Amino acid sequence: MSTTSVSAQALAINGGSPVRATFLPYGRQSVEEGDIAAVVDVLRSDWLTTGPKVGEFEEAFAARVGAAHAVSFSSGTAALHGAAFAAGLKPGDEAITTPLTFAATANCVLYQGATPVFADVCADTLNLDPEQVTRKISSKTRAILPVDYSGHPADLTGILEIARQHGLVVIEDACHALGAEFGGRRVGSIADMTVFSFHPVKHITTGEGGMVTTNDPRLAETLRRFRNHGISSDARQRQSAGQWHYEMVLLGFNYRLPDVVCALGIEQLKRLDANLARRREIAAQYTAAFREVPGVVAPSVRPDANPAWHLYPIRLDLEKLTTDRAQVFRALRAENIGVNVHYIPVHLHPYYRQRLGFEGGEFPLAEDAYARLISLPMFHSMTGQDVQDVIDAVSKVVSSYAR
Ligand SMILES: Cc1ncc(COP(=O)(O)O)c(C=O)c1O
């Protein structure tokens, strides 16, 4: 269907026919027969948790992102907690992060009793702005947590330079950015620690799951202990050494990722390149199509970045529209397009307002972006028709609200 013919139709929200008959979610996992067989094999084996598949998954993952070490966790959030612990964050410390992220990024600082300090984002990528970071550095700052929003790497050159000048640890939240590259280097090999998530909407999934990569063997050891109650060896190592003795050397948690789902992760990782290629193809199609739609601003990509496109967040040029983001969101949902919004800036959540005294207005670029953002469906198993439906629906809805 041509964009013009779709644009002329009545919106579904006003009683017209939706662009598609069935609901298209914004993200969706893909699980294949080989994944299921690998999981079943583990279910029939001796090790359901912390067996051979954990190390196998970690080694394959480290190799894929070009890091010396990869330590698996039970979720991306647990992985962030591990990284905040390994960075040595403690009460009285501060860590600087972006407000335009999932709450878990800032929460991991609070888990350690430290204080998250927000700095505003760059207008183009919506990633943490190094210049704003510099302004927030104090004698208490210990770490910087950039987020690769939507899968576009943060300005790691700028952030690492600041960190080196001030002796800070960089924990990159790359939960959106598995497979992304920055300046020709792979995300996962650049920051002191890089954190990934395997939630079902991500590039690969283990149901719940996460990973921290690092090139520092001491950080890797601390991370391994932290995810296993702070114990210095695991049950399988003790069994093979014929020993019962173990030592708890720090206060850790049970954040282990079981063998059952590591088997799934190993299989999923084999398809990462194909998944990334499809996501990049979809992003290119969206970007080309939205050049023709006044009122829609496509995400921008810097020349030194090769994004992984976890999300495809458009921004509405509200000055060219007669309505607001909420109405466009509802109208797209009525067309059966499963749009979403990433993110409500963290400092605006009631918990952060109450605990840290935010009132709104502190981070104008992040807050302005939030008022305009809509994440369109983006997942590797989207069909050509799915992509066209999204383009048609956005064109139809946005043009009907054009000034
Ligand atoms: C930027 C970001 N950080 C952290 C997380 C937490 O990951 P998980 O859901 O695996 O705990 C997410 C999850 O969606 C995320 O998007």
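In which sense do strand β6 and β11 pair, and over how many bridges? Let's start there. This is a predicted model, by the way, so keep that in mind. Strand β6, residues 181-182, and β11 run antiparallel to each other, and the pairing covers 2 bridges. If you want a residue to look for, phenylalanine 182 sits opposite alanine 305 in β11. The two strands belong to an open sheet of 3 strands, in the order β7-β6-β11, with antiparallel pairing. The edges are β7 (185-186) and β11 (305-306), each of which pairs on one side only.

Okay, on to β8, residues 193-197. Here 5 of the 5 residues are buried. Now, in a regular strand the side chains alternate between the two faces of the sheet. For β8, both faces are covered: Met193, Val195 and Ser197 are on one side, Thr194 and Phe196 on the other, and all are buried. What about its partners? Strand β5, residues 169-173, pairs with β8 in the parallel sense over 3 bridges, and glutamate 172 has threonine 194 in β8 as its bridge partner. Strand β9, residues 210-214, pairs with β8 too, but antiparallel and over 4 bridges. There, serine 197 is bridged to glycine 210 in β9.

Next, a helix. Why do we call α4 largely enclosed by the rest of the structure? Because 9 of the 11 residues in α4, residues 76-86, are buried. Among them are Leu80, His81 and several alanines, including Ala83 and Ala84. After the helix comes glycine 88, with a positive phi near 85 degrees.

In soluble globular proteins, nonpolar side chains tend to be buried together. The largest nonpolar core here has 33 residues, and those with the most contacts inside it are Tyr286, Phe290, Tyr312, Ile314, Leu376 and Val394. At least two residues each come from α11 (272-290), β12 (312-316), α12 (325-334), β13 (373-376) and α15 (384-400). The largest share is from α15, with 7 residues.

Leaving aside neighbours within four places in sequence, leucine 376 is in contact with Tyr26, Tyr286, Phe290, Tyr312, Ile314, Val339, Val390 and Val394. Apart from that core lies another one, of 29 residues, and among them are Ala83, Ala84, Val212 and Leu250.

Technical notes. Residues numbered from 1 in each chain as written. Predicted model: local features only at pLDDT ≥ 70, side-chain atom pairs only at ≥ 80, totals over all residues. Heavy atoms only, no water. Buried < 20%, exposed > 50% of the residue type's maximum accessible area, 1.4 Å probe, protein only. Pairing = 2+ DSSP bridges. Core = buried A, V, L, I, M, F, W, Y, C linked by side-chain atoms within 4.5 Å. Contact = heavy atoms within 4.5 Å.
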